[in-house]
Amino acid sequence: MTELAFLSPDQASPVAVWRSPLERALAGADTSLGIRDVSRTGKIEVRGEIAELEVEDADTVWLTPHRALVLCDYEEAAEIRRRLSERFLAIDVTGALAGLEVRGERLMRRLTDLDLDNLPAPGPVARVQAVVIRDEHETFRFFFPQEYGHYVAEVVIDAAEGLRG
């Protein structure tokens, strides 16, 4: 198996409309909580001898010595996947993973036991396996299986609201 076409938005029918798996859960959320849906990020899993993996205009999250997750602009995912496929096994998992961005180390400490000073790293967020990235001192992104989207969003909103009081 070299691809999972049904997970690649660029291979969908032209009449298909992309919808975030977090859309309903975040619809009524207070925007001041600092929670943002980043599911519309291109996500490409790369496997193989990736020691020299470099991707312009993308973030590379090393998961193991032979596996990485490349995060890129949604519109560029197909081209980046094509280029990566020339040298590696590159699977577009954009449709498989949802993503959230949150602000606040206190909030993340309520959501995960991961060492927040040692990111990026895979591990549980709200008891769901995720890849967690620290973008800036107080900004975090995490990507997780989209089927858990509603649950994870509700847990994150609840934890953020609990910190507000």
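**Close-up views of a predicted model**

**View 1. Arg67 in strand 4.** Arg67 lies in strand 4, which spans residues 67–73, as seen in this predicted model. With a relative accessible area of 31%, Arg67 is partly exposed, because this value falls between the 20% limit for buried residues and the 50% limit for exposed ones. Not counting residues up to four places away in sequence, Arg67 touches Glu45, Val46, Arg47, Ile50 and Trp62. The C-alpha atoms of Arg67 and Glu49 are 8.4 Å apart in space, and these two residues are separated by 18 residues in sequence.

View 2. Ser20 belongs to the segment before helix 1, the helix being formed by residues 23–26. The relative accessible area of Ser20 is 10%, and Ser20 is therefore classed as buried, the cut-off for that class being under 20%. When residues up to four places away in sequence are not counted, Ser20 touches Asp37 and Ser39. With Asp37, the side chain of Ser20 also forms a polar contact of 2.3 Å.

**View 3. The hairpin of strand 7 and strand 8.** Strand 7 (residues 121–125) and strand 8 (residues 128–136) run antiparallel and are joined by 5 bridges. Within this pairing, Pro122 is placed opposite Val131 of strand 8. The hairpin has 2 residues between the strands, and Ala126 adopts a positive phi near 55 degrees there.

Key
Residues are numbered from 1 along each chain as its sequence is written. This is a predicted model: local features need pLDDT of at least 70, side-chain atom pairs count only at pLDDT 80 or more; totals for chains, interfaces and linings use all residues. Side-chain values use heavy atoms; hydrogens and water are left out. Helices (H or I, at least four residues) and strands (E, at least two) are DSSP runs, numbered from the N terminus. Buried means under 20% relative accessible area, exposed over 50%, partly exposed in between (1.4 Å probe, protein chains only). A polar contact is a pair of N or O atoms within 3.5 Å; within protein, one must be able to donate a hydrogen and the other to accept it, and residues adjacent in sequence count only if both atoms are side-chain atoms. Contact means heavy atoms within 4.5 Å. Two strands pair if DSSP finds at least two bridges between them.
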